[in-house]
Structures are given as structure tokens and as C-alpha cells.
Amino acid sequence: MTSRPLATAVSALAEGPRAPLGELSDPAAVLAGLMDLHGSVSLARELSLLDRAAAPASPAPALDGARAEVRALAADRLGELAAALDHVFAAPFHRRNKLPDAGAVLATLEQTGVLPARSRAGRALASAAGQLWEPFGELAGRVLGRIRLETRALREELAPSLRALGPAAARLERLDAAISAATQKRRERALAELVPGLARAFARGLRAAVAALPEEAGIEDVAGWFGQDQWLGRELQRMELVVQAVLAHEAGRLLALVDGAAAAGAPA
């Protein structure tokens, strides 16, 4: 069980029909599915500590400007991250991404024996898929790692400002931190499955693309794979969909916390 954006990412990697997402509408079921026994015990302990903590003296209600400032900071940083990721996929074959061109792809197919001998199954094709996927996998890992790193840093940066919105907001921030810690292992496990899933989809696509090549395949046939509606173009679209889903997951968690803390810090 995972969040709706991550479920969307996983369904993009499925070989068969996509699974329905209706069961994800129950927050309690999602939370329970993200915790193992250790996480459940840890969360229960943290909740007990929160309930026993003495209530601090109530400060003056947070000003509207303070709540708006925290929300604006979160939205601006997340917007900058989204724009940077859009830039990556707007020109994926820019040299900074180190992806192969048609000549490099053809050379790999020839070196692994897929072409011209038309060995289009088994060990040769698996070797070609592994070699061709490597730079694409590095790109996927790099952008997904950037999302996790930057959203985690933003969460830490926002914490003092959220706690300053008032006692209720501070309690909500601590509760969110406890839930995040309790569910971290399974959330990271779900994220770790995305790049291998992309690799499997890439290999399936390569198998179909190679099978469709003419008898005397050459550079122009391989170059055709780079079109938006062709094999490599579709694999990059799949990768972008997964990246956007992970960003939506992480951004959604952060913005929900910010909005909840802002509401809790508002005067009655």
C-alpha cells in the first residue's frame, strides 16, 4: 500500500493493465500499509510522548503574514524543483545527461551480437538492454535522488517556522515527523523499486523494437527509435511520468503539512 502518486508511478511500470486506485482513498489504510511492526511500535511511543508533553504557554496567534510566508516559501522551492526537472526532460539528449545517440545505440547492438546477426532474444539482447539502460538508469536515479534530497532539506528548513505558528501547529509538526519516521522504511522501499521497474520496462521495449527492425537494419532505423512516439521517446516519457509522480508525492506531503500547520496556527 502506498500513496496515490506513487501508485500512479508503479502502474506506469506495469506490463499489464493498471490496478485501480480506489482503495487509496482511505488515509488510515494507506498509513497502516506503510508501517511494519517496528514502525507501528515507534509511532505509538512517539504519540504517547506527545500526549504526555506539558502544554506550553500559549503565544499570541500567528499573524496571517507569517502563515502566508511559510506557504509561499514551500511553494516557491517546490516550484523551482519542478521547473528544474521539467528542464531535464525538455531536452533529455542534451550532452549533460550523457544519454547515447543513434550511433552509440547501433554500436552497442552490434557489439553485443544483436545486429547484424539478428540474435534478438536471450543473452545477447539482455546484454544490450543492460548496457543501453545504464545511462538512462543513472539519469533516473539522479533526478529521483534530487527530489528526495531537496524535499527532505526543505522539510527541515520549514520545521522551525511551522512550530512558531503556535502550540497546535507545533504538535502537528512533531506528529508529522513521528509518522514520517515510522513509515520511512516502506516508503523508501517503494521508491527503490521504481528504477528497477523502469529498467524492466526498457528491456521489454527494446525487445519489441528490435523485433520490428527490418532484415538489413542500419543507423536510420535505429534513429527512428528516438522519435517522441517511438520506443526511446516512450521510455523517456515513462521515466518523466515516474519522476513527476514522485515529486507530486513528496510535494503533496509537504504542502499538506504546511497547510495543516497554518490552519492550526490561525486564531479561533
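This is a predicted model: local features need pLDDT of at least 70, side-chain atom pairs count only at pLDDT 80 or more; totals for chains, interfaces and linings use all residues.
Two rings of Phe, Tyr or Trp, with the six-membered ring taken for Trp, form an aromatic pair if their centres lie within 6.5 Å, and planes under 30 degrees apart count as stacked, over 60 as edge-to-face and the rest as tilted. The chain comprises 10 helices and 0 strands, and 39% of its 268 residues count as buried. Among contacts between residues at least 6 apart in sequence, 78% join residues at least 24 apart.

**Aromatic pairs**

- The ring centres of Phe 136 and Phe 202 are 5.2 Å apart and their planes meet at 45°, so this pair counts as tilted.
- Because Phe 136 belongs to helix 6 and Phe 202 to helix 8, the pair ties together parts that are 66 residues apart in sequence, and both Phe 136 and Phe 202 are buried.
- Phe 202 also pairs with Trp 231, again in a tilted arrangement, at 4.9 Å centre to centre and with 55° between the planes.
- Since Phe 202 lies in helix 8 and Trp 231 in helix 10, this second pair ties together parts that are 29 residues apart in sequence; Trp 231, like Phe 202, is buried.
- Ring pairs link Phe 136, Phe 202 and Trp 231 into a cluster that also includes Phe 93, Trp 133, Trp 225 and Phe 226.

**Nonpolar cores**

- In soluble globular proteins, nonpolar side chains tend to be buried together.
- The largest nonpolar core holds 42 residues, of which Leu 109, Val 114, Phe 136, Leu 206, Trp 225 and Met 239 touch the most other members.
- Two or more residues of this core come from each of helix 4 (64-90), helix 5 (102-111), helix 6 (122-163), helix 8 (194-211) and helix 10 (231-264), and the largest share, 12 residues, is supplied by helix 6.
- Leaving aside residues up to four places away in sequence, Leu 206 touches Leu 125, Ala 128, Ala 129, Leu 132, Trp 225 and Trp 231.

**Second largest pocket**

- The second largest pocket contains about 390 Å³ of space, and of the 17 residues that line this pocket, Arg 152, Arg 155, Ser 180, Arg 187 and Arg 253 are the closest to its centre.
- At least two lining residues are supplied by each of helix 6, helix 7 (167-192) and helix 10, with the largest share of the lining, 8 residues, coming from helix 7.
- By residue class, the lining of the second largest pocket divides into 9 charged, 5 nonpolar and 3 polar residues.

**Backbone details in the loops**

- The peptide bond that runs from Leu 115 to Pro 116 is cis, with omega near -5°, and Pro 116 is located in the loop between helix 5 and helix 6.
- Lys 98, which is found in the loop between helix 4 and helix 5, has phi near 60°, a positive value in a residue other than glycine.
- With a relative accessibility of 66%, Lys 98 counts as exposed, because the cut-off for that class is over 50%.

Terms used:
Residues are numbered from 1 along each chain as its sequence is written. Side-chain values use heavy atoms; hydrogens and water are left out. A nonpolar core is a set of buried Ala, Val, Leu, Ile, Met, Phe, Trp, Tyr and Cys residues joined through side-chain atoms within 4.5 Å. Buried means under 20% relative accessible area, exposed over 50%, partly exposed in between (1.4 Å probe, protein chains only). Helices (H or I, at least four residues) and strands (E, at least two) are DSSP runs, numbered from the N terminus. Contact means heavy atoms within 4.5 Å. On a 1 Å grid over the protein atoms alone, a cavity is a set of points where a 1.4 Å probe fits but cannot get out, and a pocket is an open set with protein on both sides within 12 Å along at least five of seven lines; lining residues have an atom within 4 Å of a point. Grid points are joined across faces, edges and corners, and a volume is the space filled by probe spheres set on the points. Ala, Val, Leu, Ile, Met, Phe, Trp, Tyr, Cys and Pro count as nonpolar, Asp, Glu, Lys and Arg as charged, and the others, Gly among them, as polar.
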